[in-house]
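Dear colleague,

I am passing on the structure below, together with some notes on what turned up when I went through it. Please read the notes with the model open beside you.

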Amino acid sequence: MIAFQGVNKWYGPYHALNDVTAQVRKGQVVVVCGPSGSGKSTLIRTVNRLEDIQNGRIEFDGQDVHAPALDLNRFRSHVGFVFQSFNLFPHLSVAENIALAPVNVLKKSRKEARERALQLLSRVGLAAKADAYPGQLSGGQQQRVAIARALAMDPPAMLFDEPTSALDPEMVGEVLQVMKSLARDGMTMICVTHEMNFAREVADEVWFMDHGVLVETGKPEDFFAHPRSDRARKFLSDLRSH
(Lines give C-alpha, C1' and ligand atoms only; values in the text may rest on other atoms or scores of the structure.)
Protein backbone atom coordinates (compact mmCIF):
# COMPACT_ATOMS: atom_id res chain seq x y z
CA MET A 1 0.00 0.00 0.00
CA ILE A 2 2.81 2.45 0.93
CA ALA A 3 6.46 2.02 -0.05
CA PHE A 4 9.51 4.14 0.76
CA GLN A 5 12.55 3.46 -1.44
CA GLY A 6 15.82 5.18 -0.57
CA VAL A 7 14.05 8.34 0.61
CA ASN A 8 16.23 11.34 1.49
CA LYS A 9 15.18 14.77 2.72
CA TRP A 10 17.31 17.75 3.70
CA TYR A 11 16.45 21.07 5.30
CA GLY A 12 19.49 23.02 4.13
CA PRO A 13 22.48 21.13 5.59
CA TYR A 14 20.27 19.12 8.00
CA HIS A 15 19.68 15.55 6.81
CA ALA A 16 16.11 14.95 8.07
CA LEU A 17 15.50 11.60 6.33
CA ASN A 18 18.48 9.42 5.54
CA ASP A 19 17.97 6.71 2.92
CA VAL A 20 14.70 5.34 4.37
CA THR A 21 13.46 2.11 2.77
CA ALA A 22 10.37 0.33 4.15
CA GLN A 23 6.87 -0.70 3.21
CA VAL A 24 3.39 -0.91 4.68
CA ARG A 25 1.15 -3.71 3.46
CA LYS A 26 -2.58 -3.34 2.94
CA GLY A 27 -4.43 -3.67 6.25
CA GLN A 28 -1.24 -3.29 8.30
CA VAL A 29 -0.87 -0.95 11.29
CA VAL A 30 2.63 0.54 11.59
CA VAL A 31 3.64 2.67 14.58
CA VAL A 32 6.62 4.98 14.03
CA CYS A 33 8.44 5.89 17.24
CA GLY A 34 11.68 7.50 18.30
CA PRO A 35 13.03 10.54 20.14
CA SER A 36 12.01 14.09 19.25
CA GLY A 37 13.68 15.28 16.06
CA SER A 38 14.21 11.75 14.74
CA GLY A 39 12.30 12.36 11.50
CA LYS A 40 9.03 10.57 12.36
CA SER A 41 6.65 13.40 11.46
CA THR A 42 8.73 14.40 8.43
CA LEU A 43 8.48 10.82 7.13
CA ILE A 44 4.70 10.60 7.48
CA ARG A 45 4.25 14.04 5.89
CA THR A 46 6.14 12.94 2.76
CA VAL A 47 3.41 10.37 2.03
CA ASN A 48 0.90 13.03 0.95
CA ARG A 49 3.57 15.55 -0.06
CA LEU A 50 3.15 17.97 2.80
CA GLU A 51 6.94 17.59 2.65
CA ASP A 52 8.88 17.10 -0.59
CA ILE A 53 11.86 14.76 -0.83
CA GLN A 54 15.15 15.37 -2.59
CA ASN A 55 15.73 11.82 -3.83
CA GLY A 56 14.27 8.34 -3.57
CA ARG A 57 10.73 7.25 -4.33
CA ILE A 58 7.46 6.94 -2.39
CA GLU A 59 4.54 4.94 -3.75
CA PHE A 60 1.00 5.05 -2.42
CA ASP A 61 -1.28 2.32 -3.76
CA GLY A 62 1.05 1.91 -6.76
CA GLN A 63 1.21 5.63 -7.53
CA ASP A 64 4.47 7.62 -7.50
CA VAL A 65 3.69 10.34 -4.92
CA HIS A 66 6.35 12.74 -6.22
CA ALA A 67 5.68 12.28 -9.95
CA PRO A 68 5.67 15.70 -11.67
CA ALA A 69 2.33 15.00 -13.40
CA LEU A 70 0.52 13.99 -10.20
CA ASP A 71 -2.76 15.84 -9.58
CA LEU A 72 -1.85 16.71 -5.99
CA ASN A 73 -5.28 17.83 -4.75
CA ARG A 74 -6.96 14.75 -6.18
CA PHE A 75 -4.28 12.49 -4.73
CA ARG A 76 -4.46 14.06 -1.27
CA SER A 77 -8.22 13.56 -1.19
CA HIS A 78 -7.50 9.78 -1.06
CA VAL A 79 -5.08 9.95 1.87
CA GLY A 80 -6.64 10.32 5.32
CA PHE A 81 -4.45 12.58 7.49
CA VAL A 82 -5.05 13.38 11.15
CA PHE A 83 -2.95 16.22 12.56
CA GLN A 84 -1.70 16.91 16.05
CA SER A 85 -3.75 20.10 16.27
CA PHE A 86 -7.15 18.97 14.85
CA ASN A 87 -7.33 21.76 12.18
CA LEU A 88 -11.12 21.96 12.22
CA PHE A 89 -12.87 25.01 10.73
CA PRO A 90 -14.16 26.94 13.78
CA HIS A 91 -17.02 28.67 11.89
CA LEU A 92 -18.55 25.37 10.67
CA SER A 93 -20.53 22.92 12.76
CA VAL A 94 -19.10 19.47 13.40
CA ALA A 95 -21.29 17.88 10.70
CA GLU A 96 -20.40 20.67 8.24
CA ASN A 97 -16.69 20.12 8.87
CA ILE A 98 -17.09 16.45 7.98
CA ALA A 99 -19.36 17.03 4.95
CA LEU A 100 -17.26 19.82 3.43
CA ALA A 101 -14.83 17.74 1.37
CA PRO A 102 -17.35 15.10 0.21
CA VAL A 103 -19.56 17.91 -1.15
CA ASN A 104 -16.78 19.98 -2.73
CA VAL A 105 -14.38 17.26 -3.86
CA LEU A 106 -16.49 14.11 -4.32
CA LYS A 107 -19.50 16.17 -5.50
CA LYS A 108 -21.90 14.42 -3.15
CA SER A 109 -25.23 16.07 -2.38
CA ARG A 110 -25.43 17.96 0.92
CA LYS A 111 -28.09 15.50 2.14
CA GLU A 112 -25.95 12.45 1.34
CA ALA A 113 -22.83 14.05 2.85
CA ARG A 114 -24.67 14.95 6.06
CA GLU A 115 -26.08 11.40 6.39
CA ARG A 116 -22.56 10.01 6.04
CA ALA A 117 -21.26 12.58 8.55
CA LEU A 118 -23.88 11.44 11.08
CA GLN A 119 -22.90 7.79 10.54
CA LEU A 120 -19.24 8.62 11.13
CA LEU A 121 -20.01 10.72 14.21
CA SER A 122 -21.89 7.76 15.61
CA ARG A 123 -18.87 5.59 14.90
CA VAL A 124 -16.55 7.89 16.87
CA GLY A 125 -19.06 8.24 19.71
CA LEU A 126 -20.20 11.80 18.98
CA ALA A 127 -23.64 11.38 17.41
CA ALA A 128 -25.10 14.02 19.74
CA LYS A 129 -22.56 16.68 18.71
CA ALA A 130 -23.43 17.01 14.99
CA ASP A 131 -24.60 20.62 15.25
CA ALA A 132 -22.10 21.79 17.88
CA TYR A 133 -19.13 23.94 16.90
CA PRO A 134 -15.48 22.92 17.45
CA GLY A 135 -15.05 25.57 20.16
CA GLN A 136 -17.76 23.84 22.21
CA LEU A 137 -15.91 20.51 22.24
CA SER A 138 -13.05 19.14 24.33
CA GLY A 139 -9.73 18.42 22.65
CA GLY A 140 -10.44 14.68 22.59
CA GLN A 141 -13.83 15.29 20.96
CA GLN A 142 -12.29 17.61 18.37
CA GLN A 143 -9.69 14.99 17.48
CA ARG A 144 -12.41 12.35 17.06
CA VAL A 145 -14.24 14.74 14.71
CA ALA A 146 -10.98 15.16 12.78
CA ILE A 147 -10.77 11.37 12.40
CA ALA A 148 -14.40 11.23 11.20
CA ARG A 149 -13.62 14.02 8.70
CA ALA A 150 -10.70 12.04 7.27
CA LEU A 151 -12.85 8.89 7.03
CA ALA A 152 -15.56 10.77 5.13
CA MET A 153 -13.37 10.60 2.01
CA ASP A 154 -13.22 6.77 2.26
CA PRO A 155 -9.40 6.72 2.17
CA PRO A 156 -7.57 3.42 1.55
CA ALA A 157 -5.08 4.39 4.28
CA MET A 158 -4.91 6.73 7.28
CA LEU A 159 -1.91 8.69 8.53
CA PHE A 160 -1.81 9.91 12.14
CA ASP A 161 0.79 12.51 13.10
CA GLU A 162 1.02 12.45 16.92
CA PRO A 163 -2.79 12.60 17.23
CA THR A 164 -2.81 12.58 21.05
CA SER A 165 0.18 14.78 21.91
CA ALA A 166 -1.89 18.00 22.17
CA LEU A 167 -4.47 16.36 24.46
CA ASP A 168 -4.85 16.31 28.22
CA PRO A 169 -4.03 12.81 29.55
CA GLU A 170 -7.65 11.93 30.34
CA MET A 171 -8.64 12.56 26.70
CA VAL A 172 -5.96 10.38 25.14
CA GLY A 173 -7.83 7.11 25.72
CA GLU A 174 -10.97 8.16 23.84
CA VAL A 175 -8.95 8.95 20.70
CA LEU A 176 -6.89 5.76 20.94
CA GLN A 177 -10.12 3.73 21.23
CA VAL A 178 -11.29 5.09 17.88
CA MET A 179 -7.89 4.28 16.32
CA LYS A 180 -8.05 0.76 17.74
CA SER A 181 -11.50 0.21 16.22
CA LEU A 182 -10.17 1.34 12.82
CA ALA A 183 -7.31 -1.13 13.14
CA ARG A 184 -9.73 -3.94 14.00
CA ASP A 185 -11.71 -3.09 10.87
CA GLY A 186 -8.60 -3.59 8.72
CA MET A 187 -7.68 0.03 7.94
CA THR A 188 -4.11 0.51 6.69
CA MET A 189 -2.50 2.94 9.15
CA ILE A 190 0.79 4.67 9.85
CA CYS A 191 0.78 6.26 13.31
CA VAL A 192 3.49 8.53 14.64
CA THR A 193 2.93 8.38 18.38
CA HIS A 194 4.57 8.28 21.80
CA GLU A 195 1.81 5.98 23.10
CA MET A 196 3.83 2.81 23.53
CA ASN A 197 0.93 0.80 24.98
CA PHE A 198 -0.98 1.50 21.77
CA ALA A 199 2.05 0.29 19.77
CA ARG A 200 2.24 -2.85 21.91
CA GLU A 201 -1.47 -3.67 21.59
CA VAL A 202 -2.37 -2.57 18.07
CA ALA A 203 0.69 -2.35 15.81
CA ASP A 204 1.59 -5.12 13.40
CA GLU A 205 5.02 -3.55 13.09
CA VAL A 206 7.03 -0.91 14.97
CA TRP A 207 9.50 1.34 13.15
CA PHE A 208 12.14 3.01 15.31
CA MET A 209 13.81 6.14 13.93
CA ASP A 210 16.73 8.23 15.13
CA HIS A 211 18.48 11.17 13.39
CA GLY A 212 16.53 10.58 10.18
CA VAL A 213 17.54 6.92 9.95
CA LEU A 214 15.11 3.99 10.16
CA VAL A 215 17.20 2.16 12.74
CA GLU A 216 15.10 -0.97 13.11
CA THR A 217 11.71 -2.48 12.36
CA GLY A 218 10.01 -5.43 13.93
CA LYS A 219 6.96 -6.93 15.55
CA PRO A 220 5.98 -5.14 18.79
CA GLU A 221 6.71 -8.15 20.99
CA ASP A 222 10.25 -8.39 19.55
CA PHE A 223 10.92 -4.65 19.59
CA PHE A 224 9.86 -4.14 23.21
CA ALA A 225 11.39 -7.34 24.60
CA HIS A 226 14.57 -7.56 22.49
CA PRO A 227 15.45 -4.31 20.70
CA ARG A 228 18.41 -4.98 18.39
CA SER A 229 20.11 -1.57 18.40
CA ASP A 230 21.80 0.22 21.30
CA ARG A 231 19.83 3.35 20.38
CA ALA A 232 16.45 1.58 20.68
CA ARG A 233 17.51 -0.03 23.97
CA LYS A 234 18.38 3.40 25.38
CA PHE A 235 15.10 4.89 24.08
CA LEU A 236 13.02 2.16 25.75
CA SER A 237 15.05 2.33 28.95
CA ASP A 238 14.53 6.11 29.15
CA LEU A 239 10.78 5.63 28.57
CA ARG A 240 10.52 3.06 31.35
CA SER A 241 12.43 5.18 33.85
CA HIS A 242 10.29 8.21 32.90
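Helices and strands here are DSSP runs numbered from the N terminus, a helix being H or I over at least four residues and a strand being E over at least two. The model is a predicted one, in which local features need pLDDT of at least 70 and side-chain atom pairs count only at pLDDT 80 or more, whereas totals for chains, interfaces and linings use all residues. Residues are numbered from 1 along each chain as its sequence is written, and side-chain values use heavy atoms, with hydrogens and water left out.

I begin with the loops. Asparagine 87 sits in the loop that runs between strand 6 and helix 3 (94–104), and although it is not a glycine, its phi is positive, at about 55°. With 37% relative accessibility asparagine 87 counts as partly exposed, where buried means under 20% relative accessible area, exposed means over 50%, and partly exposed is what lies in between (1.4 Å probe, protein chains only). Lysine 107, which is found in the loop between helix 3 and helix 4 (110–123), is also a residue other than glycine with a positive phi, in this case near 60°; at 65% relative accessibility lysine 107 counts as exposed.

Six strands make up an open sheet whose order is 6-7-8-3-9-10 and whose pairing is mixed, two strands being taken as paired if DSSP finds at least two bridges between them. Strand 6 (79–82) and strand 10 (213–218) each have a single partner strand and stand at the edges, so one side of each is left without a neighbour in the sheet. From one strand to the next, the twist averages 15°; for this and the other angles, axes are lines fitted to C-alpha atoms, for helices over the stretch in contact, and angles run from 0 to 180 degrees between N-to-C directions.

Within this sheet, strand 7 (residues 157–161) pairs with strand 8 (residues 188–192) in the parallel sense over five bridges, and alanine 157 stands opposite threonine 188 of strand 8. Helix 5 packs on the sheet and touches strand 6 and strand 7, its direction making about 170° with that of strand 6; contact, here and below, means heavy atoms within 4.5 Å. Helix 9 (residues 230–241) also packs on the sheet, where it touches strand 3 (29–33), strand 9 (205–210) and strand 10, and its direction makes about 100° with that of strand 9. Strand 9 and strand 10 pair in the antiparallel sense over five bridges, with methionine 209 opposite leucine 214 in strand 10. The hairpin of these two strands has two residues between the strands, and in it histidine 211 takes a positive phi near 50°.

There is also an open sheet of four strands, with the order 2-1-4-5 and antiparallel pairing. Its edge strands are strand 2 (14–24) and strand 5 (63–64), each of which pairs on one side only. Strand 4 (residues 55–60) pairs with strand 5 in the antiparallel sense over two bridges, and glutamate 59 stands opposite aspartate 64 in strand 5.

As for helix packing, the axes of helix 5 (residues 139–151) and helix 6 (residues 169–184) come within 8 Å and cross at roughly 20°. That makes helix 5 roughly parallel to helix 6, a term used for angles under 35 degrees, while those over 145 count as roughly antiparallel, 65 to 115 as roughly perpendicular and the rest as oblique. Among the residues that meet across this contact are Arg144 and Ile147 in helix 5 and Glu174 and Val178 in helix 6.

Threonine 42, in helix 1 (residues 40–46), counts as buried at 13% relative accessibility, and, leaving aside neighbours within four places in sequence, it is in contact with Lys9, Tyr11, Ala16, Leu17 and Glu51. Proline 163, in the loop between strand 7 and helix 6, is buried with a relative accessible area of 1%. Not counting residues up to four places away in sequence, proline 163 touches Val82, Phe83, Gln143, Met179 and Val192. The C-alpha atoms of proline 163 and glutamine 143 are separated by 7.3 Å, although the two are 20 residues apart along the chain.
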